[in-house]
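Here is a colleague's note for someone meeting this structure for the first time. Please keep the sequence and the model open while going through the points.

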Amino acid sequence: MKKGTLKQILLITDGCSNQGEDPSMVASLVARQGITVNVIGILEDDQQEDPMGLEEVEEIAQAGEGVSQIVYQKALSQTVQSVTKQAMTQTLQGVVNQELKQILGPNQTIENLPPDQRGEVMEVVEDLGEKSNVEVLVLVDTSASMQNKLPTVKEALIDLSVSMNARIGKNSFSIYTFPGKRKTIQRVIDWSEQLDSISSIFPKLTSGGITPTGPALKEAMYQFSKSKLSRSMKREDESNIEETGY
Amino acid sequence: MSQISKKQDTSFVPGSTIQGKWNKQHYIVVRKLGKGAIGSVYLCKRQDGKQVALKISEKGASITTEVNVLKKLSKVQGKPLGPYLFDVDDFLQANGGRLSFYVMEYVNGKQLPRYLNEKGADWLGVFLLQLLADLERLHQHGWVFGDLKLDNVMVTGTPPRLRWIDVGGTTQIGRSIKEYTEFYDRGYWKLGSRIAEPSYDLFAVVMMALHCAYPKQFKRGEYPEQTLKRKLRHTRMLAAYQPCLEKAMKGYYRSSAQMQQELNQLITKRKISYLRAQPQTPRHKGKTDQVTLPLLETAVIGFISMLLFLIYYFFI
């Protein structure tokens, strides 16, 4: 089995998208490109568990074949890393399921195996999860209502890189916020292995009332294709070097 | 791609039956024992009347991973590290949904803080030593506990023993920690990575001790390491173990056995230092240097006597 790169968008929002395309539709589109969309909805500390505006969180993640969770600020750090890892496992399980179907027939999935064999397959999935390369684009909603939550978001993202960098596989993170000043999304950090550098540079907030989640997701998708291009070139280079080594 | 299952109801009322699809065993729910990130645990009665703990969840993959760990632990020689695993199966709900579950030994005991309350805080040292011995065996087999915390252990049996009741976070050495709890995680305290290595568990041992001493826990603060040092020094409950715990907190120990040895030395010679430290510890919360005072005293006396000896030797 090939050890590919897992691509994810992690959307952090407090819901209430109100401009542009339907975010769920865009998420489906993004998922078609092999990029998983995960969504974390942040609650106000005094908000109830099932508030208005956050229904879209689960919808977007389902459409994007990813994982969603709605949390209070203080649980954000752990949620960010668990959602990211869960989504990885889920994607890899999907990949393994497809292999199983090819080997054992169309109706065969991990869940249909007897528990004993399932254990062995899960070990493979776990192994892949530890060793595969991951690209995570973090998309942070910085509309006015998110104002007081951004310091926590920053902490959580640094924490995410601590968790991810403990893995054997390589990681690549980038951070974008939306809405941007004149663009749909604003780059905070370009693809890099570490996230320590965000300590100082979370941008000023846009104070307007718009939350164009759909367009932002779409724009985020294109950031992958760019990096994919440069990456695939690199890979070719590497294989060339290997060949000359013979 | 795998589809996301709609959230399923995994709650069972006492008296309901859970039947396995593959192995056909029946379990009658007695009561709920707890609920975690992955599913719920129920106290159940097996067909032969034996009480067992049954963990059930819609997250089949996570259940499978935990079962894998329990199987691995059962191969470690000596006293059991985790609970015994009895059965693994699926339960098909009336609405067609599938839940995965496994059945394990029901460890009936007391939470560590409650035990210490009832029998005396001195017991903590004994349990720490025993815990370190168990961890050493685990580490020797290439595993790290990961999510080590008070909630995941229980005092049980005679003689009392600290048993591990939830080993779901157990991770192969060298990989990334599978599951952790912020308060116990050295990454959160900015004192190390989340790579699974023995020192990761030893840090969590320190936090367990601190959690016993400060049942309400405490905040990280701006300087996490300073916070921990201060908390370690400001509690009488941990005074006897403080030097060792502080070293483990900083990641000084390579192995559990090493920490166990040093802790053992501290505990066994405790009576002498106890007499000295006693009148000083309770009051004057602000001054941390008081702990080091007896040491300083000894050093000064030693130094003066050496000087005198030198003077005596060379000049007289």
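1. A term is needed at the outset: pLDDT is the predictor's confidence in each residue, on a scale from 0 to 100. The model is predicted, and chain A averages a pLDDT of 83, with 85% of the residues scoring at least 70.

2. Within chain A, confidence is highest in helix α1 (residues 23-32) of chain A, with a mean of 96, and lowest in helix α6 (residues 213-245) of chain A, where the mean is 64. Over residues 229-246 of chain A the pLDDT stays under 50, and for this stretch the model has four contacts beyond four places in sequence. Where pLDDT is low, the predicted coordinates should not be read in detail.

3. Chain B holds an open sheet of six strands, paired in the antiparallel sense and ordered β1-β2-β3-β4-β6-β5. At its edges stand β1 (17-19) and β5 (85-92) of chain B, each with a single partner strand, so one side of each is left without a neighbour in the sheet. From one strand to the next, the twist averages 40°.

4. Because seven of its eight residues are buried, β6(B) is largely enclosed by the rest of the structure. Six bridges join β6(B) to β4(B), with F101(B) as the bridge partner of I56(B), while seven bridges join β6(B) to β5(B), where Y102(B) partners V88(B).

Terms used. Residues are numbered from 1 along each chain as its sequence is written. Chains are lettered from A and ligands numbered from 1 in the order in which they are written. This is a predicted model: local features need pLDDT of at least 70, side-chain atom pairs count only at pLDDT 80 or more; totals for chains, interfaces and linings use all residues. Side-chain values use heavy atoms; hydrogens and water are left out. Helices (H or I, at least four residues) and strands (E, at least two) are DSSP runs, numbered from the N terminus. Contact means heavy atoms within 4.5 Å. Two strands pair if DSSP finds at least two bridges between them. Axes are lines fitted to C-alpha atoms, for helices over the stretch in contact, and angles run from 0 to 180 degrees between N-to-C directions. Buried means under 20% relative accessible area, exposed over 50%, partly exposed in between (1.4 Å probe, protein chains only).
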